[in-house]
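Dear colleague,

Please find below the structure that I am handing over to you. My findings follow directly after it.

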Amino acid sequence: MQLQKLNLEHILFLDIETVPEYASFEELDEIKQELWAEKTKYIRKEEYSPSEFYPRAGIWAEFGKIVCISVGFLSLKDGIRDFRLKSFSGDEKSVLVNFSSLLNEHFSKAYHLLCAHNGKEFDFPFIARRMIVHHLKLPGKLNSIGKRPWEIPHLDTMELWRFGDYKHFTSLKLLTNVLGIPSPKNDIDGSQVYEVFYTEKNVSRIIEYCERDVVAIAQIVLRLKQETLLKDSEISSVSL
């Protein structure tokens, strides 16, 4: 896949925000508590108890849930760029159903691509796993079972930046800084989403954070293609 030949209007940029499935470890049933303790024992070591470590459960699809999926898509008309943002939040199953409908109705063509930062290792499999948990049919763009790597319609900005160096991990915050792109992390970061969701109960703050990440991902692709970055006047949010 040659980046320079990519049509940006065929890409759906996205980011997800996840939290533990419950507000506290104590809300898990006894079997799930044991499974959590077993899953994390080598990471926790002796530093944390399973209960103390539970606020980090959002990074595992088996113990977490999606509270927001934000997407962005670019359109170009008469030389004018329009980058539109849309977010899905609320009950997880509804979020997944609505996101699936968007993919099936508007981004199901062979030339459509999904793009996220570290999406191949986190966002895309996380969404797919949670859809299976909720007994939802996987959209074609997320069903990678049985497909060869080059048949999977996913772009990953972290992978693009690796240039073949598969040992290399670069956070979105670091990459935007290196490339001279305004940082999306000017309010909260991923480690604070748990508290904002369960303690502050401020979903709108999470949505804003998620949408800023989507813009940053699109800006990275533009930068890698050596195209002009999006201006604020070219970016808008579409309410659901």
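Helices H3 and H4 are roughly perpendicular to each other. In this predicted model, the two helices pack at an angle of about 115°, and their axes lie 10 Å apart. The crossing that H3 and H4 make is left-handed.

Aromatic pairs number 13 in the structure. One of them joins Trp36 and Trp60 in an edge-to-face arrangement, with 5.4 Å from centre to centre and 80° between the planes. Trp36 belongs to helix H1 (residues 30-44), whereas Trp60 is in the loop between helix H2 (50-53) and strand S2 (64-77), so the contact ties together parts of the chain that are 24 residues apart in sequence. Both Trp36 and Trp60 are buried.

A further pair is formed by Phe73 and Phe107, and here the geometry is tilted: the centres are 6.1 Å apart and the planes are at 55°. This pair also links distant parts of the chain, as Phe73 lies in strand S2 and Phe107 in the loop between helix H3 (92-106) and strand S4 (113-116), 34 residues apart. Phe73, at 22% relative accessibility, counts as partly exposed, because the buried class requires a value under 20%. Phe107 has a relative accessible area of 7% and is therefore buried.

Ring pairs also build a cluster, which consists of Phe25, Trp36, Tyr48, Phe53, Tyr54, Trp60 and Phe63.

Salt bridges

Side chains of opposite charge can pair when their charged atoms come close. The structure holds twelve salt bridges, and I would draw your attention to the following.

The side chains of Asp82 and Arg84 meet in one of them, with an N to O distance of 2.7 Å. Arg84 has a relative accessible area of 40% and is partly exposed.

Arg162 and Glu121 form another, at 3.8 Å from N to O. Arg162 is in helix H5 (residues 157-162) and Glu121 in the loop between S4 and helix H4 (123-133), so this bridge ties together parts that are 41 residues apart in sequence. Are the two partners buried or exposed? Arg162 is buried, at a relative accessible area of 13%, whereas Glu121 is exposed, at 56%.

Lys167 and Asp165 form a salt bridge as well, and their closest N and O atoms are 3.4 Å apart. Lys167 is exposed, with a relative accessible area of 76%, while Asp165, at 31%, is partly exposed.

Two residues with positive phi should be noted. Lys45, which is not a glycine, has a phi near 55°. Lys45 is located in the loop between H1 and H2, and its relative accessible area of 56% makes it exposed. Asn118 is likewise not a glycine, yet its phi is positive at about 60°. The position of Asn118 is in the loop between S4 and H4, and its relative accessible area of 16% places it among the buried residues.

A contact across the sequence

Finally, which residue lies 154 residues along the chain from Ile80, with the two C-alpha atoms separated by 8.3 Å? The residue is Glu234. Ile80 itself lies in strand S3 (residues 80-89). At 58% relative accessibility, Ile80 counts as exposed, because that class takes values over 50%.

Yours sincerely

Conventions:
Residues numbered from 1 in each chain as written. Predicted model: local features only at pLDDT ≥ 70, side-chain atom pairs only at ≥ 80, totals over all residues. Heavy atoms only, no water. Phe/Tyr/Trp six-rings, centres within 6.5 Å; stacked < 30°, edge-to-face > 60°. Helix = DSSP H or I, 4+ residues; strand = E, 2+ residues; numbered from the N terminus. Buried < 20%, exposed > 50% of the residue type's maximum accessible area, 1.4 Å probe, protein only. Salt bridge = Lys/Arg side-chain N within 4 Å of Asp/Glu carboxyl O. Axes fitted to C-alpha atoms, helices over the stretch in contact; angles between N-to-C directions. Parallel < 35°, antiparallel > 145°, perpendicular 65-115°, else oblique. Left-handed = near helix turned anticlockwise from the far one by under 90°.
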